[in-house]
Amino acid sequence: MKLTKRRTSIFFTWFASILLLGTILIPPAYAGMGVVPSKIELTLDRGESEDVPLIIPNNSPTPLKVSFSTWDFARDERGIPYPIGPKDVKTFRGCGSWVTFASKKIHVDTGKAGKAVFTVTVPPDAEFGTYYTYIKAFGAPSPLKKAGVAINYIINALLLVTVGRKGGVPVLKRSAYLKSFFVKRFNFTSPVLFTTKISNTGNVHLNLTGKIQIKKGKVIMETIPIKESTLLPMNTFPIIKAWGNPPLFGKFKAEFTGNVGLDKPLTDQKTFWVISWKLIVGILGLFVLLIFRKSWKKIKTRLASRRNLPG
């Protein structure tokens, strides 16, 4: 009984110490800074302008000074954005220069939401199609007294500006195709990876939603949803998904379905095998065990025969 009480006392002392250490070294829980909406889609004609409001909620423990700028970008083969220089803006359809801010800095108190307004003006000679940039919101350092550190917040809102009359004009081209759908067929380590690449060959951005269904025969083993993604014009967008808990062994079929607002969805399917390293190790272990038992029987037989020899 005394031993049990002692263990309980030690446990609660250890737990209280962890909590105390956490309050000293770890900042209090906070959600930080946000930006609403995170994606802005506009359709404007040449020479038109539109004012766009942007809400900045501040859930951090201190007031923030938020500044705004634009960030023109392109995406690499993995779909990761990287900044581009002025020489490449036209090639990659950047529209950061179309944006002007009513105020480039605002003050947002803790627990409040600030409002920024920017204006998008389409040049009169702009080509038809979608242009894009990031609206970057930068929260000035907010010192946390308990932690003794300063935190910056950088959040991007994607701005998509389609130049063309609302309702569409013939020069707005919407087209895409499924470039590749690849499955890691022989998987010795978990998970199984599915890599899909979709090429947007039009001049307008597309919004992708979809799923990957994994089947064994007619039985659906799992459905992996693909959250809404933006396909930028004249870009190839990669999607990488994982099947985290495949069976140890089997032949399966993966079916991809992607909807981008065209007449027909983009589809493809692949058959693949799963061979887990756990299964291989188990088979090898069993094989080694059988060989050992067989060899041991031979050794025992030879020892017994030697003992039975005369003289």
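This is a predicted model: local features need pLDDT of at least 70, side-chain atom pairs count only at pLDDT 80 or more; totals for chains, interfaces and linings use all residues.
1. Arg-75 is buried but takes part in no salt bridge. The closest side chain of opposite charge belongs to Asp-76, at 7.5 Å. A salt bridge requires a side-chain nitrogen of Lys or Arg within 4 Å of a carboxyl oxygen of Asp or Glu, and the distance of 7.5 Å from Arg-75 to Asp-76 is therefore no salt bridge.

2. Arg-75 belongs to strand β5, which covers residues 73-75. A polar atom of the Arg-75 side chain lies 2.9 Å from the backbone oxygen of Gly-79. When residues up to four places away in sequence are set aside, Arg-75 touches Ile-80, Pro-81, Tyr-82, Tyr-134, Leu-232 and Asn-235.

3. Which residue does Asp-76 meet in a salt bridge? The partner is Arg-78, with 3.2 Å from N to O. Arg-78 is exposed, because its relative accessibility is 64% and the term applies over 50%. Asp-76 has a relative accessible area of 22% and is partly exposed.

4. The model as a whole may now be described. The protein has 311 residues, and buried residues make up 36% of them. Its secondary structure comes to two helices and 18 strands. Of the contacts between residues at least 6 apart in sequence, 68% join residues at least 24 apart. The protein exposes about 19400 Å², and 60% of that area is supplied by carbon and sulfur atoms.

5. Thr-133 is found in strand β10, which spans residues 129-144. Is Thr-133 buried or exposed? Thr-133 is buried, because its relative accessible area is 0% and the limit for the term is under 20%. The side chain of Thr-133 makes a polar contact of 2.9 Å with the side chain of Asp-72. A polar atom of the Thr-133 side chain also lies 3.2 Å from the backbone oxygen of Trp-71. Beyond its neighbours within four places in sequence, Thr-133 is in contact with several residues, including Thr-70, Phe-73, Cys-95, Gly-96, Ala-157, Leu-158 and Leu-159.

6. Aromatic residues form a further topic. Trp-71, Phe-73, Tyr-132 and Tyr-134 form one aromatic cluster. Among these residues, Trp-71 and Phe-73 are in contact with Thr-133, while Tyr-134 is touched by Arg-75. The C-alpha atom of Phe-73 is separated by 9.2 Å from that of Asp-88, the two residues being 15 apart along the chain. Asp-88 itself lies in the loop between β6 (81-83) and β7 (99-101). Asp-88 is partly exposed, with a relative accessible area of 36%.

7. How many aromatic pairs does a search of the whole structure find? The search finds 13 aromatic pairs. One of them joins Phe-252 and Phe-272 in a tilted arrangement, with 6.0 Å from centre to centre and 35° between the planes. This pair links distant parts of the chain, 20 residues apart: Phe-252 is in strand β17 (residues 249-259) and Phe-272 in strand β18 (residues 266-275). Both Phe-252 and Phe-272 are buried.

8. Leu-54 has its place in strand β3, residues 49-59. Leu-54 counts as buried, because its relative accessibility is 1% and the limit is under 20%. Although Leu-54 and Val-117 are 63 residues apart along the chain, their C-alpha atoms are separated by 6.0 Å. Apart from residues up to four places away in sequence, Leu-54 touches a set of residues that includes Val-35, Val-36, Pro-37, Ile-40, Phe-68, Gly-114, Lys-115, Ala-116, Phe-118 and Ile-135.

9. The remaining charged pairs can be taken together. Side chains of opposite charge can pair when their charged atoms come close. The count comes to five salt bridges. One of them joins Glu-41 and Lys-39, whose closest N and O atoms are 3.7 Å apart. Glu-41 is partly exposed at 41% relative accessibility, and Lys-39 is partly exposed with a relative accessible area of 25%. Lys-39, Glu-41 and Glu-228 are linked in a network of salt bridges.

10. Lys-270 forms a salt bridge with Asp-268, the closest N and O atoms lying 3.1 Å apart. Lys-270 is partly exposed, with a relative accessible area of 25%. Asp-268 likewise counts as partly exposed, at 28% relative accessibility.

Terms used. Residues are numbered from 1 along each chain as its sequence is written. Side-chain values use heavy atoms; hydrogens and water are left out. Helices (H or I, at least four residues) and strands (E, at least two) are DSSP runs, numbered from the N terminus. Buried means under 20% relative accessible area, exposed over 50%, partly exposed in between (1.4 Å probe, protein chains only). Lys and Arg count as positive and Asp and Glu as negative; His and the chain ends are not counted. A polar contact is a pair of N or O atoms within 3.5 Å; within protein, one must be able to donate a hydrogen and the other to accept it, and residues adjacent in sequence count only if both atoms are side-chain atoms. Contact means heavy atoms within 4.5 Å. Accessible areas come from the Shrake-Rupley method with a 1.4 Å probe; for residues, only the protein chains shown count as cover. Rings of Phe, Tyr and Trp (its six-membered ring) pair if their centres lie within 6.5 Å; planes under 30 degrees apart count as stacked, over 60 as edge-to-face and the rest as tilted.
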